[in-house]
Amino acid sequence: MSATSRHDPVFAAVDLGATSGRVITGRVGPGDLELTEAHRFANTPVLLPDGLHWDVLALYQGMLEGLRAAARRGPVASVGIDTWAVDYGLLDADGSLLGLPFHYRDGRNTAAAEEVMARFDAQELYDVGGLQHLPFNTVFQLAAHRSSAQWPAARTLLLMPDLLVYWLTGSVGAEVTNASTTALFDARTGRWSDALIGRLGLERSLFPALREPGGRAGTLLPHVAEFTGLPADTPVTTVASHDTASAVAAVPATDPGCAYVSCGTWSLAGLELDAPVLTEESRAANFTNERGVDGTVRYLRNIMGMWLLEECRRTWEREGTPTSLAALLAEAERARPFAAVIDPDDPAFLAPGDMPARIRAALSRTGQATPDGPGGYVRCVLESLALAHRRTLREAAELAGRELTRIHLVGGGSRNELLCQWTADASGLPVTAGPAEATALGNVLLQARAHGLVGGLTDMRRLVARTQDLRHYTPRGDPGAWDRAADRLTGRG
């Protein structure tokens with residue numbers, strides 16, 4: 001990573017994930033790109049009598065503290081915000097938030113999804129939004145929300161990053177990469193689907209005007225500027241506010257045969273395309289068509305990612321047997337290969353709770369033995385994720401008419417050498433791992449592009465490839481062993 005000049009512009013990236021939030025400063029100069037973490041804070045959901053919620057006020061306060069820390073380090077040229085997708089807050093006519101936003105893992109969504117799907121043909125919905133069927137898609141959450149006492153007072157729906165932008169600037173809008181995850185966004189036109197919104201009985205006025213990455217959302221409100229120490233005219237730049245869209249923008253891909261896996265709490269595995277794939281075959285395979293930067297399409301499937309491992313660790317810690325990740329990975333490497341494999345997307349794994357018990361139950365249903373100790377569970381999770389990456393990318397390539405030549409694995413999971421190597425082994429393709437901070441890099445680069453410091457996606461990706469630490473893995477071992485493990489999940493083994 002090159003050393004940047006202290007005179008290069010600095011951009012503040014607010015990056016909120018499912019378990020923590022960070023404010024990261026990025027310094028961008030000719031041929032240089034450098035990140036520094038200014039502040040990190042927890043993202044701890046709150047279980048209330050009516051369900052599981054995000055503590056969005058704590059997240060907002062953590063963001064302000066982070067921006068204040070960034071301001072102390074020197075002038076900040078702009079601020080950009082990215083978060084996870086699908087979740088939202090409702091504002092009343094005064095612009096006040098109507099309750100804490102629900103968490104996508106809240107149990108209310110399953111029944112609502114069934115209710116909506118009973119009224120619509122599945123292909124009809126897919127033909128508009130092109131989304132993978134997930135019970136927490138925004139369209140289903142809204143169906144659940146409509147029975148609440150809050151609903152009649154709702155005047156504006158803001159997805160999570162748009163809500164935080166509103167609190168910083170007072171400006172209302174909907175950034176397109178996140179809007180595309182609602183199932184109420186037309187994958188072909190890149191606009192809200194007025195027809196579908198109307199058929200669902202929703203008010204069109206709930207949905208704000210759309211914003212493309214790279215524009216200016218507004219400037220800081222006076223009280224925000226006073227608290228953070230940033231100048232009141234500091235712009236808040238619209239970035240690719242869906243964290244995966246920002247991460248994909250920073251994938252250092254060089255040819256159309258490259259696939260990506262953005263691996264964190266979720267593994268988002270897929271391809272970057274010029275147009276959506278809205279066929280019945282694509283719907284049946286449960287692929288999603290989400291908006292990327294510059295009108296691109298992120299054709300991917302959501303896979304339950306490192307959530308499985310982290311929930312195992314939380315359970316072991318509650319039981320009084322905390323183990324470091326490094327120790328668990330070393331134990332996993334020594335464990336017996338392919339002793340047990342699971343389908344990471346089994347709905348039983350979605351909610352928080354005792355993950356080892358649920359893995360045991362899934363293995364029992366498929367006639368497999370219980371893993372031997374924590375290392376055995378970790379090996380089961382990582383080998384199963386590698387198989388899921390392989391399966392998903394092969395299906396995506398077939399449905400999109402692509403031939404794959406390389407996998408780029410970015411995000412926090414790229415630090416996990418076992419997962420990277422096993423993804424290469426399972427897929428038979430070389431894997432380039434990194435950058436680990438792809439989301440923050442994409443956020444910063446889109447701000448820098450808005451300020452004229454970098455060019456389009458190709459230039460951004462070349463800069464990432466030149467300046468970030470990347471590792472390369474080539475396939476090794478017996479490919480047939482992975483085939484036999486995959487057969488166990490399909491009933492052929």
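Ala, Val, Leu, Ile, Met, Phe, Trp, Tyr, Cys and Pro count as nonpolar, Asp, Glu, Lys and Arg as charged, and the others, Gly among them, as polar. The close-ups below are taken from a predicted model.

**View A. Lining of the second largest cavity.** About 40 Å³ of space lies in this cavity. Its lining consists of S180, F185, A187, N289, E290, R291 and V297. Strand β15 (residues 288-291) contributes the most, with three residues. Sorted by class, the lining of the second largest cavity holds three nonpolar, two polar and two charged residues.

**View B. Lining of the largest cavity.** The structure holds two cavities of 30 Å³ or more, and the largest has a volume of about 70 Å³. Around the largest cavity are I81, D162, V165, E175, R211, A217, T237, T238, V239 and S241. These lining residues divide into four nonpolar, three polar and three charged.

**View C. Packing of helix α12 with helix α14.** Helix α12 spans residues 325-334 and helix α14 spans residues 373-400. The two pack at an angle of about 80°, and their axes are 7 Å apart. Angles of 65 to 115 degrees count as roughly perpendicular, so α12 is roughly perpendicular to α14.

**View D. Residues in the contact of α12 with α14.** From α12, the contact is made by L328, L329, E331, A332 and E333. From α14, the residues are G373, P374, G375, V378, R379 and L382. By class, this contact has six nonpolar, two polar and three charged residues.

Technical notes: Residues numbered from 1 in each chain as written. Predicted model: local features only at pLDDT ≥ 70, side-chain atom pairs only at ≥ 80, totals over all residues. Heavy atoms only, no water. Axes fitted to C-alpha atoms, helices over the stretch in contact; angles between N-to-C directions. Helix = DSSP H or I, 4+ residues; strand = E, 2+ residues; numbered from the N terminus. Parallel < 35°, antiparallel > 145°, perpendicular 65-115°, else oblique. Contact = heavy atoms within 4.5 Å. 1 Å grid on protein atoms, 1.4 Å probe; cavity = no way out; pocket = protein on both sides within 12 Å on 5 of 7 lines; lining within 4 Å. Points joined across faces, edges and corners; volume = space filled by probe spheres on them.
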